[in-house]
Amino acid sequence: MVESGAVNLKGWTDWRPLALATPPNSAVLAETIDGGQAFRWQRAADEIWLGQWDRHLARLRLGVAGRLEWSAATAGTEAALSTYLDADRDARELADTLPWRSDVHLAHCIAAFPGLRILRQPFGETLLGFLCSATKQIVQIKQMMALLAARHGAVIAAEGATDVKDGGEDARMGRWSVPNYHRLPTWTEIAAVPEAELRGCLLGFRARYIHQTALFIAANPGWLEETEALPYAEAKARLVTLPGVGEKVADCVLLFGAGRLEAFPVDVWILKTMAARYGLEGWKPAQVAQFGRAHFGPLAGLAQQYLFAWERAEARRST
DNA sequence: TGACAGGGGGTGT
DNA sequence: ACACCCCCTGTC
């Protein structure tokens, strides 16, 4: 347990507007931050989201006139949030460059989720999240991340606000302590954690992959940063050399953690929807990925996210 | 209320 | 193709 560097904070800043050319509605906001790109957002109250990334702790809500508003408990979070949400780019303009004019289904997906964004998360954290993702649903991945942070990540904040309940494991264990917020462990920190303890964070067989990846990254300083800076194809080629990282995970890391919108992750959902909607029955994941990049173009990853959001909504409707 | 299957956003062999 | 882990969810 890492306890050094604790910062006691007085509380949250006032709510302030975050300028977005195309703000999301409530459902699109949820889909953006809690729809499978990121795994560290939770509903703190009705229509208020609490999220963590890097050393930041922030809240989001939709205010009057549908304005997105933020409040932070950490320093420097406004600029970091702007980067995280890729706020300088207009989601509608980006979507408009997709080939929706010749693709009716894509047009429906875009219309259904106006303002959907691709996040720009910290690269290392994104890698950790998607190493956890194999055959796991979002709710389970979020549990793994919460446990990794609570047990092995440095404390980033301790605050006594009453509008946010569970800061992590402490509350679940019924202790009296004020909830602390922890950042995710760095790769160097993970490298120092025995694999058995990682398993204790519900990682299952992923513990071995994460442990070995951590050892490699710790032994090769700068490797992650160099990888993030490389062109898409080279960065992906490097990522897939890590244990537990295949094509799908590498594409997710580059799409959601490096702003490489040409990355087109193909999971079982996309495989199914592409088969059904684009007549690709029997195609293999690599073939569907090639089709996706060719059909959707340089922002194929954004198209993928619209299709994914549509399928998730469809699945919810049928239950 | 509690046990019991079934299946899960992949990767490696 | 199948093992890898084991938690979540729905069901009886």
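Start your tour at the sheet: 5 strands make an open sheet in the order 1-5-4-3-2, and the pairing is antiparallel. (Two strands pair if DSSP finds at least two bridges between them; strands are DSSP E runs of at least two residues and helices are H or I runs of at least four, all numbered from the N terminus.) At the edges sit strand 1 (16–17) and strand 2 (41–45), each pairing on one side only.

Before you click further, note that this is a predicted model: local features need pLDDT of at least 70, side-chain atom pairs count only at pLDDT 80 or more, and totals for chains, interfaces and linings use all residues. Residues are numbered from 1 along each chain as its sequence is written, while chains are lettered from A and ligands numbered from 1 in the order in which they are written.

**Inside the sheet**

Select strand 4 (56–62) and strand 5 (68–72), which pair in the antiparallel sense over 5 bridges. Leu62 stands opposite Leu68, and Arg61 has Glu69 as its bridge partner. Now look at the hairpin of these two strands: 5 residues lie between the strands, and Ala65 has a positive phi near 60° there. Then move to strand 1, joined to strand 5 by 2 bridges and running antiparallel to it. Here Arg16 stands opposite Trp70.

**Helices across the sheet**

Next, pick helix 1 (26–34). It lies across strand 2, strand 3 (48–53) and strand 4, at about 160° to strand 4. Helix 2 (77–84) lies across strand 3, strand 4 and strand 5, and its angle to strand 4 is about 65°. (Axes are lines fitted to C-alpha atoms, for helices over the stretch in contact, and angles run from 0 to 180 degrees between N-to-C directions; contact means C-beta atoms, placed from the backbone, within 7 Å.)

**A buried helix**

What about helix 5 (123–131): how many of its residues are buried? The count is 9 of the 9, so helix 5 is largely enclosed by the rest of the structure. (Buried means that 20 or more other C-beta atoms lie within 10 Å of the residue's own, exposed means 12 or fewer, and partly exposed is in between; C-beta atoms are placed from the backbone.) Phe123, Glu125 and Phe130 are among the buried residues. To see what covers them, show strand 3, helix 6, helix 8 (187–191), helix 10 (206–219), helix 11 (223–229) and helix 13, which are included in the cover.

**Along the DNA**

Turn on DNA strand B. Of the 20 residues around it, Gly36, Ala134, Gln137, Gly246 and Asp267 come nearest. (A residue is near if its C-beta atom, placed from the backbone, lies within 6 Å of the molecule or strand.) Helix 13 (247–258) and helix 14 (268–278) are the elements that give two or more residues to this surface, and helix 13 gives the most, with 3.

Over at DNA strand C, select Val139, Gln140, Gln143, Arg199, Leu202, Gly204 and Phe205, the residues around it. Helix 6 (138–152) and helix 9 (195–203) each give two or more residues to the surface near DNA strand C. Helix 6 gives the most, with 3 residues.

**Last stop**

Finish with helix 15 (285–296) and helix 16 (300–317), which pack at about 105° with their axes 9 Å apart. The two are therefore roughly perpendicular (the range for that is 65 to 115 degrees, with under 35 roughly parallel, over 145 roughly antiparallel and the rest oblique). Zoom in where Gly292, Arg293 and Phe296 in helix 15 meet Ala300, Ala303 and Gln304 in helix 16.

Key. Contact = placed C-beta atoms within 7 Å.
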